[in-house]
Amino acid sequence: MPIRYEGLTHIYQEGTPFSYLALDDVSLEIKEGAFTAIIGETGSGKTTLVQHLNALLLPSKGKLQVLDRLITADQKPKQLKSLRKQVGLVFQFPEYQLFEETILKDVCFGPKNFGATEEEARDMAVKMLKLVGLDESYLDQSPFELSGGQKRRVAIAGILAMDPQVLVLDEPTAGLDPQGAKEMMDLFVELNKTYHKTVLIVTHDMEHVLHSCDEVVVVAKGKIKKQCDVTTFFEDVELLKQLRIDPPAVIKMREALRERGFSLGKDMLSIEALAKAIQSEVQKHE
Amino acid sequence: MDKITVKDVSFSYDKERDALSHVSFQIKEGAYTTIIGHNGSGKSTIAKLLIGLMKADGGSIEVDRLPLNEENLYAIRDKIGIVFQNPDNQFIGATVADDIAFGLENHQIPTESMQGIIETYAKKVHMEAYLESEPTKLSGGQKQRVAIAGVLAMKPEILIFDEATSMLDPQGRSDINHLIQEIHENETMTIISITHDIEEVAMSDHVIVLDQGKVVMEGHPSEILLKEKELIDLHLDIPFSLKVAHALQKLGMPVKECTTMEGMVDEICRYAMKD
């Protein structure tokens, strides 16, 4: 079952002088099983959009269908707990939320809260820590002695241990080094392709969008500006400019060469494709 | 002339593993030096030692030929300004003007001359239109620019950026990178930037590469950034332009390797014209 926003509006501090319209009549469908990127400038409403997915925020107007649940403006959804088990939300800088004495205890917290036995929680925790790249030698260590990137892995394992069907990640690679960020993105691709989880990621990094995601949703000033597949999105250079998006390097180079007179198609989205197109251009002139 | 001399410095947080192990390097006066290395390589530890937040276990650090010790600590700190990673942790004023004024107040600058100084430095970071804005109304990149103005107003001889762009969105990152370039071109100060951004490294005069607390490579970015195998072994990124050069070479086009996008575009055009 897909995720469907219908006419959803969210106003922070409604009815006060500080009232702020963060989402404005948003209608949007997220495909089940897809890896979707939510992009847009700082303050555009991306985080507000995804925080509705496990009813952390409730709509001011409109409704939202998440799996078999309907979230509406006027009533608090029932069985919130099971929704939150199905939709795992990883906040920005999730490592700030680690709190247990050991890594094992921290990752077990979620599943135990959702009714798993000590043993089940442990099994799940061990499995998920392994998946994020931390072997059993880490189990009894304090999470606070790890590096920033490792802490973030523990925090993500904690969400994965609840075995959510939908995984929502808010800027999961911010502040990581390039290698750490790549490994993190590869993990999400694996969760999506191998474990068939629906993955939504809020990101500013267009390289990640190009190389890892299937679908793009562009949020601007609380509205959905564009929704399409990644390939179509990056072929539309005019749109990228208009949305003030910093394009991936391969597109920057393609456009720089086009300006210098190379006739390159707009479908050059990888270094290899770009190199081949340059080759055939050069040969044409021989 | 060397502005900073780090000689055989070691440091350990827990006495088990060295965060820095026998590190030596020099920073030239007026140069723009970048320090790279993956998370946990010891980059930020160097910044903390340079400003005397922690004391090295062994070796020596000299700033302007002054040995860094308790006696010289404040004289050396007066020479150094530092901009940290998290924009929210270093905004302390109620408005942009207040924030820039904070350091000036600590240095007992008379109030009547303060307004002029604030405006001058707000202009340098292109934030003059926001003097009365509150921090909640600013983006991360704007807050970092204000932090830089506050540091510049102290007229430091050395400016350190400790991953100052890693928490910013692409727009903010590119704004700050341009600003660092501007400062480097227009001011005389020595700049050290600890970064993950390989495109920023390509703009600097000198790069120091750290791994497991040791200096493993050092030199001009146009040489260092071409060492693809070494960089990948160190879990570092290589410039996009280099990847393109290699893809073209693989297809039998002997283009030269470049470390910047502009350079590579020129090189491809030159190669195409020659044929």
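Residues are numbered from 1 along each chain as its sequence is written, and chains are lettered from A, with ligands numbered from 1, in the order in which they are written. Since the model is predicted, local features need pLDDT of at least 70 and side-chain atom pairs count only at pLDDT 80 or more, while totals for chains, interfaces and linings use all residues.

## The two chains

Let's start with the overall build. Chain A has 11 helices and 10 strands. Helices (H or I, at least four residues) and strands (E, at least two) are DSSP runs, numbered from the N terminus. The radius of gyration of chain A is 21 Å, close to the 19 Å that the globule rule gives for 286 residues, so chain A is as compact as a globular protein of that length. That radius is taken over C-alpha atoms, and the globule rule is 2.2 Å times the number of residues to the power 0.38.

Chain B also comes with 11 helices and 10 strands. Its radius of gyration is 20 Å, close to the 19 Å from the globule rule for 275 residues, so chain B too is as compact as a globular protein of that length.

Here is how far each C-alpha trace reaches along its principal axes:

| Chain | Span of the C-alpha trace |
|---|---|
| Chain A | about 70 × 50 × 35 Å |
| Chain B | about 65 × 45 × 35 Å |

## A sheet in chain A

In chain A, 4 strands form an open sheet in the order β2-β1-β4-β5, with antiparallel pairing. Two strands pair if DSSP finds at least two bridges between them. At the edges stand β2 (20-30) and β5 of chain A, each with a single partner strand, so one side of each has no neighbour in the sheet. Neighbouring strands of this sheet are turned by 20° against each other on average, if you ignore direction.

Now zoom in on the pairs. Strand β1 (residues 3-12) of chain A is joined to β4(A) by 5 bridges, and the two run antiparallel. One of the residue pairs here is A:Y5 with its bridge partner A:L64 in β4(A). On to the next pair: strand β4 (residues 61-66) and strand β5 (residues 69-72) of chain A are antiparallel and share 4 bridges. There, A:Q65 has A:L70 in β5(A) as its bridge partner. β4(A) and β5(A) make a hairpin with 2 residues between them, and A:L67 in the turn has a positive phi of about 50°.

## A sheet in chain B

Chain B has an open sheet of 4 strands in the order β2-β1-β4-β5, again with antiparallel pairing. Its edge strands are β2 (18-28) and β5 (66-67) of chain B, each pairing on one side only. Strand β4 (residues 58-63) of chain B runs antiparallel to β5(B) and is joined to it by 2 bridges. B:E62 sits opposite B:P67 in β5(B). Helix α1 (residues 43-50) of chain B packs on the sheet and touches β1 (2-12), β2 and β4 of chain B; the direction of this helix makes about 115° with that of β1(B). For such angles, axes are lines fitted to C-alpha atoms, for helices over the stretch in contact, and angles run from 0 to 180 degrees between N-to-C directions.

## Where the chains meet

How many residues of chain A are in contact with chain B? The count is 30 residues of chain A against 28 residues of chain B, where contact means that the C-beta atoms, placed from the backbone, lie within 7 Å. On the chain A side, α5 (148-160), α6 (178-193), α10 (249-259) and α11 (271-284) each supply at least two residues. The most comes from α11(A), with 9 residues. By class, this side of chain A has 12 nonpolar, 10 polar and 8 charged residues. Ala, Val, Leu, Ile, Met, Phe, Trp, Tyr, Cys and Pro count as nonpolar, Asp, Glu, Lys and Arg as charged, and the others, Gly among them, as polar.

Take α11(A) again. Its axis and that of helix α10 (residues 240-250) of chain B come within 9 Å and cross at roughly 55°. The two helices are therefore oblique to each other: angles under 35 degrees count as roughly parallel, over 145 as roughly antiparallel, 65 to 115 as roughly perpendicular and the rest as oblique. A:I271, A:E272, A:L274, A:A275 and A:I278 in α11(A) meet B:K243, B:V244, B:A247 and B:L248 in α10(B). This contact has 7 nonpolar, no polar and 2 charged residues.

The other helix pair is α10(A) with helix α11 (residues 261-274) of chain B, whose axes come within 10 Å and cross at roughly 45°. α10(A) and α11(B) are therefore oblique to each other. Here A:K252, A:M253, A:A256 and A:L257 in α10(A) meet B:M261, B:V265 and B:I268 in α11(B). By class, that contact has 6 nonpolar, no polar and 1 charged residues.

Notes. Contact = placed C-beta atoms within 7 Å.
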